[in-house]
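These are my notes from going through one structure. I set down what I looked up, in the order in which I looked.

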Amino acid sequence: MAPDIFTYKNVLPQKSTEGGVLAGKKVVIQPNMSARGWLTNAGSLALEGFIALEDATVITRLRNAGAALIGSTRMSELGFGLSDDKRTRALCGGEADIALITDTMGEVRVAAATSGFFGFKPSYGIISRFGLIGLVPSMECYGIMAKSPEDIITTIGAIAGKDENDFSMPDEKLPDFSMPEESPKTTGVAGVIKECLSTLDDTELKAFEAGLEKIEEAGLTIQEVSLENFRLFQTVHNVIGSVEASSSAGKYDGVRYGHRAAPAKNWNEMYLSSRGESFGLLMKTYLFQGAYLQFENYPAFENACRIRRRLIRDTEKLFEHIDVLALPTRRLHHDPVRAATIGETYDAFLLTLPANVTGQPSLQIPSLCLNSGADLGLQIISPRLSDARLLATGMRISSIIHGAKET
Amino acid sequence: MTYHNRSNCGQLSLSDVGREVSLAGWVDALRDHGEVLFIHLRDRSGIIQVVFSPESTSREICDRAGLLKNEFCVFLTGRVVKRAKGTENPNIITGDIEVLARDLAILKKSSTLPFPISEKSMVAGTAIKRDESIAEDLRLQYRYLDLRRPTMQDHLIKRHRILKVVRDFLDEQGFIEIETPMLTKSTPEGARDYLVPSRHHPKQFYALPQSPQLFKQLLMVSGMERYFQIVRCFRDEDLRPNRQPEFTQLDLEASFIDEEFIYELFEELSARMFEIGGINLPCPFQRMSWQEAMNSTGSDRPDLRFGMTFRDAADIFIDTKYGIFKQILKRGGCIKGINVKGQSDRLSKNILQNEYAKEIVPGFGAKGMTWMRVLDGGLESNIVQFFSENERNEILKRFDAENGDVILMIADQSWALVCSALGQLRLHIAERLNMIPKDVFFPVWVTDFPLFEETEDGITSNHHPFTMPDRTDFDPGNTGELLTLRSRAYDLVVNGEELGGGSIRINDRDLQNKMFQALGLSETDVEEKFGFFIRALEYGPPPHGGIALGIDRVVAMILGTSSIREVIAFPKNRSAFCPLTQAPSPVVLKQLAELGLLDMGGTQALPGSKEQQDLIDSLSWVSRININATERPAVIVAVQDAAALAEIVNRHSGEDEPLFSVVTIANRTRTGTEARTSLLAEKGELFKNAPAIKGGYFKVASILE
């Protein structure tokens, strides 16, 4: 094990509980998910040296399901983007079977696409956020990355569900994740958003078309649909996300935990310099954007929220005629690891942002959209709370690919 | 149901018992007793209880009443009855009666309220505790709801009454109300103007009036003789908690008058205004020259509700051996003191020396303070041993000192500094020791102000350059002489607050020019700024004078409100921002282009480049995040990007309601847990993550340097 990929390495993971649904599974998490006694710094100096005092609800549930928690891997600051990302390496190296990754802009899906895994962002609001150190509360959620879709279904089944400790969870009926005996016949219509195609270059387009052909083979019908305001997903996410980030990051004062700058003359100075030293440049620029929109142009935040309602309505209208939306997961020439500015970061997640804005579930499926070895990834998105059906569709498609590989 | 026979809720009384009435208004409060529903119906006149009971109201109407919620707008009919003995409600004027509803129409429903409006309890013996912690900005954002509260309605009604008294009285006295323009030329009132760009004259600006000063003087030239106006004025001043960018003033001017006319007129007028609030002002008002006010209270706005006026003590120490006083007097300095009567118990040595002498008084600008406690017929102090017996006796005599008194003295070379520091000390002590009587109003005219004030770049008018000086034979080039001139100006001060002021004006062209000359204005400057006015003075201007009264302040004082915002229907908040309309707000580029404002900078730095820096600094401050020089360029670009994003979303916003969360937010109460200290805190585990602790606390930097 290369030590530098881990923030915390659990030397003695608990023995798998006999009979737990995740018995025998090795799970790696991120240091923005609280596990008692673990260094939980969320990739930020703002939480320098912070040792979690309690388990997050999700961690408790993983333990109860018999999972072996092997540690947490280094992450980008406060889960924003994928710079300094070491998450997939744990899976690539075979040290873990399952990784939990927060999905704020599409991190779990893009990371999975890069390494050829399945990546799942569930519907917003079905997993307790108690113990999660968040940044953009209205759009981020736990995501699951795994080599097999079955592991994803088992994991989500184990961690989803009501939690007394999370008051923000809605009163809704949750999807039923109990695994079907046989994967359902995959028939149905996959919509391809016309406006999304124009964001791809020729090679990316070819790879995507190849992927679409494969899902047609799996029994789905492809239909072109139009989402006129597709480009607004990025704008809306950036406006809402930065405002919420500026607000969420307000609590990092270097008093109860985290980084404290050298002794300051007075209180304000202490905040200014402690916080000034705590955030990296990318996070700082995001927080300044949020501060601008919050304090200087608040109507823009409200207007972004108005557009969010419209975008959700527009996608829901599409789902009246189609079963899933199919999009590439990433673009090859927009690498999130190299993104140095907010603009570049958003460009790198252009295709995954919509599901965060709408709160709809999205599954990244590997090995469909290939271009001379590089995998674009293919996402399927379905209406909120139809997670179980979406995962079943994903399994069906994946089994067909497996079948194809075997022949 | 028709509205034309509508009765007013608050005007119903026992004499209406048995009458069928129709009422319209808002549901102030509800009390549901299962079968029977009581509501408080409120209109502007007051509140009446309405009963919906199956005994007196049809099932259909009872069912409809069941839909009622707070602040629904309704129209209803019913019969007035006397309440059963023991069910009267003394909280409302109509508490002896109630209306048995016959018919009910819900005119309009109301959404859930952002804060409670009801101020009257429905049950005898209980009062509604209004939550004073409702954020003022929230009240201002929903001002139309805030103004539904009887308290606020009363404020505005009383304000109306006060203004009506003003108009009626001045009309009786032969004054006529004349409106003057809002779009006008910048006037020399000392504050910044609010500018209004002109589209027809690109790159030219109107100014909103800081006061109608020149127009009202022109109206005197016009022969209107007696003018008044209740007028909005605008000043772009630095933010202060009790200041509004626009405010209302009673502006008045009269010809062929002198100071006595104004005093008499305003004393009568003030008395009538204060009467609306049940306050009797003592008339005639005391008068005090500026010099006297400064010498006795250290303020040109003397608060005379309590004594403790200054005594001069310099002459006592002419031959003193006490080094500090000796030095000060040698340089022509000044020593003044106050006697805090009978407070030696509350002003201990420790408080006097360590708080006042060392901390508080230096904060007022003085180098130090001398204190003496009067005990057993003698003086106790840390320096009293330096005073001769004669000096000690003189002090006791000068300050009429008795056992238990505390004498505080300030000495300095500068008379102005002694006055100002001792004046602040006087107020500080009075407030701290609760020496200011409540419900006492002490008006005073302050007169004979210095005409000019010395500034770093010469001299400036104390009031404005149109004020008549006490003598006219001065040399405009002699600064020393100019500073000795007094003005024929007067301020009306009540309880230490300046409510208004005015002066007798210059009505002579040559004298007016001499004033401008004294102020260092060139002839070109004068022509450009005041040419039109000087010319008017060439056509037989009458002797005249006037006054202006701050209406918002006067009304606030009469009603005893905590701020002037309580007596203004739609005020700006403390940051000069309107949370209701969100003004001020950006405008679209097209508007700026139409006004020719896009390229006003010319060869100067582009508009915005400096603001951009300021903006980044202000964002850094509000979010308490320092940035260094290397980071700054990236932050500037990011904020510019954010502004561009904002423009896109503002352009595409559409009409939908904002969606702040994709799920319906469920409000829950945690069940089965009691408030208790977290185990993590009890065991001290919380401290393990802290970067610095001290004792049982998180250690932080001090709040102030």
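**Entry 1: the two chains**

I note here that the model is a predicted one. The corresponding share for chain A, again among contacts with a separation of 6 or more, is 77%.

I then looked up the secondary structure. Chain B comes to 19 helices and 25 strands, and chain A has 13 helices and 13 strands. As to burial, 30% of the 705 residues of chain B count as buried; for chain A the figure is 60% of 407 residues.

**Entry 2: the contact between the chains**

I asked how many residues of chain A are in contact with chain B. The count is 65 residues of chain A, against 51 residues of chain B. On the chain A side, H7, H8 (267–278), H9, H10 (298–318) and H11 (342–348) are helices that each supply at least two residues. H10(A) gives the largest share of that side, 12 residues. By residue class, I recorded the chain A side as 32 nonpolar, 20 polar and 13 charged.

**Entry 3: H7 and H9 of chain A**

Two of these helices I examined as a pair. The axes of H7(A), residues 232–248, and H9(A), residues 281–296, come within 7 Å and cross at roughly 100 degrees. An angle of 65 to 115 degrees counts as roughly perpendicular, and H7(A) is therefore roughly perpendicular to H9(A).

From H7(A), the contact is made by Val239(A), Ser242(A), Val243(A), Ala245(A), Ser246(A) and Ser247(A). From H9(A), I listed Tyr286(A), Leu287(A), Gln289(A), Gly290(A), Ala291(A), Leu293(A) and Gln294(A). The residues of this contact divide into 7 nonpolar, 6 polar and no charged.

**Entry 4: the cores**

I next asked which residues of the largest nonpolar core touch the most other members. Among its 145 residues, they are Val27(A), Leu62(A), Met145(A), Val236(A) and Val239(A). This core lies between domain 1 (3–232 + 306–406) and domain 2 (233–305) of chain A, because both give residues to it.

Val239(A) I followed further. Leaving aside residues up to four places away in sequence, Val239(A) touches Leu293(A), Ala300(A), Phe301(A) and Ala304(A), and, in chain B, Leu645(B), Ala646(B) and Val649(B). A second, separate core has 79 residues, including Leu170(B), Met372(B), Met409(B) and Ala548(B).

**Entry 5: H4 of chain A**

Is H4(A), residues 149–159, largely enclosed or largely open? I found 10 of its 11 residues buried, so H4(A) is largely enclosed by the rest of the structure. The buried residues are Pro149(A), Asp151(A), Ile152(A), Ile153(A), Thr154(A), Thr155(A), Ile156(A), Gly157(A), Ala158(A) and Ile159(A). Gly161(A) follows H4(A), and I noted its positive phi, near 120 degrees.

**Entry 6: Glu402 of chain B**

Last, I looked up where Glu402(B) is found. Glu402(B) is in the loop between helix H10 (389–398) and strand S17 (406–412) of chain B. Val374(B) is 28 residues from Glu402(B) in sequence, and the C-alpha atoms of the two are 6.5 Å apart.

Key
Residues numbered from 1 in each chain as written. Chains lettered and ligands numbered in written order. Predicted model: local features only at pLDDT ≥ 70, side-chain atom pairs only at ≥ 80, totals over all residues. Axes fitted to C-alpha atoms, helices over the stretch in contact; angles between N-to-C directions. Helix = DSSP H or I, 4+ residues; strand = E, 2+ residues; numbered from the N terminus. Parallel < 35°, antiparallel > 145°, perpendicular 65-115°, else oblique. Contact = placed C-beta atoms within 7 Å. Nonpolar A, V, L, I, M, F, W, Y, C, P; charged D, E, K, R; others polar. Buried ≥ 20, exposed ≤ 12 C-beta atoms within 10 Å, placed from the backbone. Core = buried A, V, L, I, M, F, W, Y, C linked by C-beta atoms within 7 Å. Domains from an automatic or database assignment.
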